[in-house]
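Open the model in your viewer and keep the sequence panel at hand. Each stop below tells you what to select and what you will find there.

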Amino acid sequence: MNILAIGTDSRANSYLYGLADVTRVVRVDFVSPKVMLLDFPRDLYVEIPEISHHYGITHGKLNQAYLYGNPGFGYYDGPGQGPGLLARTLELNFGMPSDHYLAVNMPTFVKIVDAVGGIDIDLPYAVDGRSEEAGYSSLLYFHAGIHHLNGTQALVLGRLRPNGVFERSKQQNLILAALRDRLLAPSVLQNLPAIFSALSGSVQTDMGLEQLGWLSCLAPKITKENIFFATWPETMFVGTRVDDPILGWTFIWDVDFRLIRAYVAAFNNGLWPSTPPPAAVPSPTLTQIPDLP
């Protein structure tokens with residue numbers, strides 16, 4: 001089962017608007033059992049399907065696909081609203097299928113962490129988000145070492161990127177691993193039904209009680225060693241800019257989509273290459289990104 005997991009930048013208790021600040025695909029293997037997670041950078045410049053009748057939009061950043069599909073914009077007429085359009089975009093550009101989706105806005109993420117009693121995390125290095133633009137609050141600084149974080153603190157740490165987006169992804173991996181540990185703790189595991197009930201209506205998902213039941217039964221059988229966070233080689237990505245009709249002269253990642261598709265093909269088979277795989281032949285239905293000026 002592939003679950004498209006989305007963290008939105010919306011501060012509202014709704015899913016009308018908001019960009020996909022975090023886009024991960026969670027591959028759940030019920031046979032092994034094993035879980036793999038893959039993060040897609042939000043600044044990938046991609047073809048966004050089925051919305052060209054709105055202002056001629058055919059391309060944009062990956063995180064915009066979620067925004068355009070949700071009711072606030074409503075550019076997408078297919079199933080699943082924002083998550084559905086984001087799933088279609090991932091499959092079209094990279095060959096990544098999704099069976100279900102789960103989107104969480106910022107207030108709900110805070111509630112989830114607080115509901116399990118906070119998380120414990122060991123930072124290998126300091127994360128200092130203080131700056132002239134962001135302010136110099138001590139809340140934006142996390143020293144290297146052990147922390148017990150409440151929901152608000154975990155949200156702040158997960159959004160800071162003083163060392164770049166790839167280091168931020170690693171911070172988010174640490175947060176997710178710590179949240180996993182709390183969810184599997186005996187004191188919390190027995191309260192999961194109550195936690196799910198309390199969060200009912202606070203998440204955007206197509207998963208029902210049946211799918212949640214499968215995952216709840218599987219969770220105690222998965223060891224830490226069988227949860228794998230896949231990370232892209234950072235050398236694949238080069239920062240550049242493109243003249244987008246909506247965003248203007250905006251930052252994007254210049255990357256070979258054929259190589260991303262090759263990694264995704266391995267991921268879909270439960271693998272993650274230690275060295276770059278041969279670049280796959282691009283899909284004939286994939287519209288290539290126009291050359292940058």
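Select Gln81. At 37% relative accessibility, Gln81 counts as partly exposed, because exposed would need over 50% and buried under 20%. This is a predicted model. Gln81 sits in helix α2. Check its backbone: phi of Gln81 is near 50 degrees, a positive value in a residue other than glycine. Most residues other than glycine have a negative phi.

**Another positive phi**

Now select Tyr55. Tyr55 is not a glycine either, yet it has a positive phi of about 60 degrees. Look for Tyr55 in the loop between β4 (45–47) and β5 (59–61). Is Tyr55 buried or exposed? Tyr55 is exposed, with a relative accessible area of 70%.

**A cis peptide bond**

Go to Ser32 and Pro33. A cis peptide bond joins Ser32 to Pro33. Its omega is about -15 degrees. Pro33 lies in the loop between β2 and β3. Most peptide bonds are trans.

**The open sheet**

Colour the strands next. In which order do the six strands of the open sheet stand? The order is β11-β6-β1-β2-β3-β12, and the pairing is mixed. Find the edges: β11 (204–205) and β12 (227–230) stand there. Each edge strand has a single partner strand, so one side of each is left without a neighbour in the sheet.

Zoom in on β1 and β2. These two strands run antiparallel, and seven bridges join them.

Then show helix α5, residues 165–183. Helix α5 lies across β2, β3 (34–39) and β12. What angle does helix α5 make with β2? Helix α5 runs at about 50 degrees to β2.

**A hairpin**

Strand β13 covers residues 238–244 and strand β14 covers residues 248–254. The two strands run antiparallel and are joined by seven bridges. A hairpin of three residues takes the chain from β13 to β14. Pick out Gly239 here: its bridge partner in β14 is Trp253.

**Salt bridges**

Turn on side chains. How many salt bridges does a search of the whole structure find? The search finds eleven. Visit three of them.

Start with Arg159 and Asp21. They form a salt bridge, with the closest N and O atoms 3.6 Å apart. The pair links distant parts of the chain: Arg159 is in helix α4 (residues 151–159), Asp21 is in strand β2, and 138 residues separate them. Arg159 counts as partly exposed at 30% relative accessibility. Asp21 counts as buried at 9%.

Move to Lys170 and Glu234. Their salt bridge has its closest N and O atoms 3.7 Å apart. Lys170 lies in helix α5 and Glu234 in the loop between β12 and β13, so the pair ties together parts that are 64 residues apart in sequence. Lys170 is partly exposed, with a relative accessible area of 36%. Glu234 also counts as partly exposed, at 38% relative accessibility.

Next, select Arg180 and Asp181. Their side chains meet in a salt bridge, 3.0 Å from N to O. Which of the two is buried and which is partly exposed? Arg180 counts as buried, at 16% relative accessibility. Asp181 is partly exposed, with a relative accessible area of 31%.

Now select a group of four: Asp21, Arg42, Arg159 and Arg168. Salt bridges that share partners join these four residues into one network.

**A nonpolar patch**

For the last stop, switch to a surface view. Select Leu16, Tyr17 and Phe73. These three residues form a nonpolar patch on the surface. Together they have about 290 Å² of accessible area. Where is Leu16? Leu16 is found in the loop between β1 (2–8) and β2 (20–29). Leu16 is partly exposed, with a relative accessible area of 43%.

How values were computed. Residues numbered from 1 in each chain as written. Predicted model: local features only at pLDDT ≥ 70, side-chain atom pairs only at ≥ 80, totals over all residues. Heavy atoms only, no water. Patch = residues over 30% accessible without salt bridge, like charges linked within 9 Å, V, L, I, M, F, W, Y side chains within 5 Å. Areas by Shrake-Rupley, 256 points an atom, 1.4 Å probe, with all protein chains shown as cover. Helix = DSSP H or I, 4+ residues; strand = E, 2+ residues; numbered from the N terminus. Buried < 20%, exposed > 50% of the residue type's maximum accessible area, 1.4 Å probe, protein only. Pairing = 2+ DSSP bridges. Contact = heavy atoms within 4.5 Å. Axes fitted to C-alpha atoms, helices over the stretch in contact; angles between N-to-C directions.
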